[in-house]
Amino acid sequence: MSETREFLTAFLRRPTTMGAVAPSSERLATVLASVVPTAGSPVVVELGPGTGAVSAVIAERLPPGARHLAVELDADLVAYLRRTRPELEVVHGDARELGKVLVEQGVDRVDAVICGLPWALFDDATQAEILAEISRAIGTTGAFTTFAYLHGMALGAARRFRSTLRGAFEEVLVSATVWRNVPPAFVYVCRRPRA
């Protein structure tokens, strides 16, 4: 319950940067984390981890020797994650500066980017900027997942974002709807950024 309370507090504190009022469900987190490698020594970056609902599922998949960086903009959520998930490498940073964050953390390759950012709250230029950073990070061999709420697909901004993804990546798969999430959502799985 404290995770939900912390998430709601963050939403009330900064409603223009939080796209939800509750953490992602375990079912949605499982679909998002499906691209996380389970062997070798992968590097996984999580953008907008919030209170760590998806982080927990990612951690379950990661093999020993893996790195899991969580980049969070909200300073209070950074402190919460550092307190509740000490195994997580939490970085107080902005997804628009992902390349810089990775250099500062000594990361030169990323196997997967799992994203919980509220795309609908970003203008087109910000979306493009973040997607360019993600594309550079995953290169030709990595994968990127993010999600959208089912009810939002009636909005023009959501349809434009789907079109933007299809323009930015050669492969964009859409999962089945995760009904056991509040609200129901689906996941985009993206690979092979276009030049």
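Among contacts in the protein chain between residues at least 6 apart in sequence, 66% join residues at least 24 apart, where contact means heavy atoms within 4.5 Å. The model is a predicted one, in which local features need pLDDT of at least 70 and side-chain atom pairs count only at pLDDT 80 or more, whereas totals for chains, interfaces and linings use all residues. Residues are numbered from 1 along each chain as its sequence is written, and side-chain values use heavy atoms, with hydrogens and water left out.

**Overall make-up**

- The protein chain holds 7 helices and 7 strands, which are DSSP runs numbered from the N terminus (H or I, at least four residues, for helices; E, at least two, for strands).
- Read from the N terminus on, the elements follow the order α-α-β-α-β-α-β-α-β-α-β-α-β-β.
- Of the 195 residues in the protein chain, 48% count as buried; buried means under 20% relative accessible area, exposed means over 50%, and partly exposed lies in between, with a 1.4 Å probe and protein chains only.
- The protein chain exposes about 9,400 Å², of which carbon and sulfur atoms supply 55%; accessible areas come from the Shrake-Rupley method with a 1.4 Å probe, and for residues only the protein chains shown count as cover.

**Nonpolar cores**

- In soluble globular proteins, nonpolar side chains tend to be buried together.
- The largest nonpolar core has 33 residues, and those with the most contacts inside it are Val45, Leu47, Val110, Phe144, Leu165, Phe169 and Tyr188; a nonpolar core is a set of buried Ala, Val, Leu, Ile, Met, Phe, Trp, Tyr and Cys residues joined through side-chain atoms within 4.5 Å.
- Helix α6, which covers residues 124-138, gives the most to this core, with 5 residues.
- A second, separate core consists of 20 residues, including Ile58, Leu62, Ala143 and Tyr149.

- With 15 residues, α6 reaches 21 Å from its first C-alpha to its last, close to the 21 Å expected at 1.5 Å a residue, the expected span being 1.5 Å times one less than the number of residues.
- Several residues of α6 are buried, among them Thr126, Gln127, Ile130, Leu131 and Glu133, and just after this helix glycine 139 takes a positive phi of about 60°.
- Helix α7, residues 156-168, packs with α6 at an angle of about 30°, with their axes 11 Å apart; axes are lines fitted to C-alpha atoms, for helices over the stretch in contact, and angles run from 0 to 180 degrees between N-to-C directions.
- Asp124, Gln127 and Leu131 of α6 make the contact with Arg160, Phe161, Thr164 and Leu165 of α7.
- Leucine 131 is buried, with a relative accessible area of 3%, and, not counting residues up to four places away in sequence, touches Trp119, Phe144, Phe161, Thr164, Leu165 and Phe169.
- The C-alpha atoms of leucine 131 and leucine 165 are separated by 8.2 Å, although these residues are 34 apart along the chain.
- Leucine 165, again not counting residues up to four places away in sequence, touches Leu131, Phe144, Val172, Tyr188 and Cys190.

**Loops with glycine and proline**

- Glycine 116 sits in the loop between β4 (112-115) and α6, and counts as partly exposed because its relative accessibility is 30%.
- Although glycine 116 and leucine 47 are 69 residues apart in sequence, they are 6.0 Å apart in space, C-alpha to C-alpha.
- Glycine 152 is found in the loop between β5 (143-149) and α7, and with 11% relative accessibility it counts as buried.
- Proline 183 has its place in the loop between β6 (169-174) and β7 (185-193), and its C-alpha atom is separated by 9.9 Å from that of glycine 152, 31 residues away along the chain.

**Backbone exceptions**

- Most residues other than glycine have a negative phi, and most peptide bonds are trans.
- The peptide bond from valine 182 to proline 183 is cis, with omega near -10°.
- Arginine 192 has a phi near 55°, a positive value in a residue other than glycine; arginine 192 lies in strand β7 and is partly exposed, with a relative accessible area of 34%.
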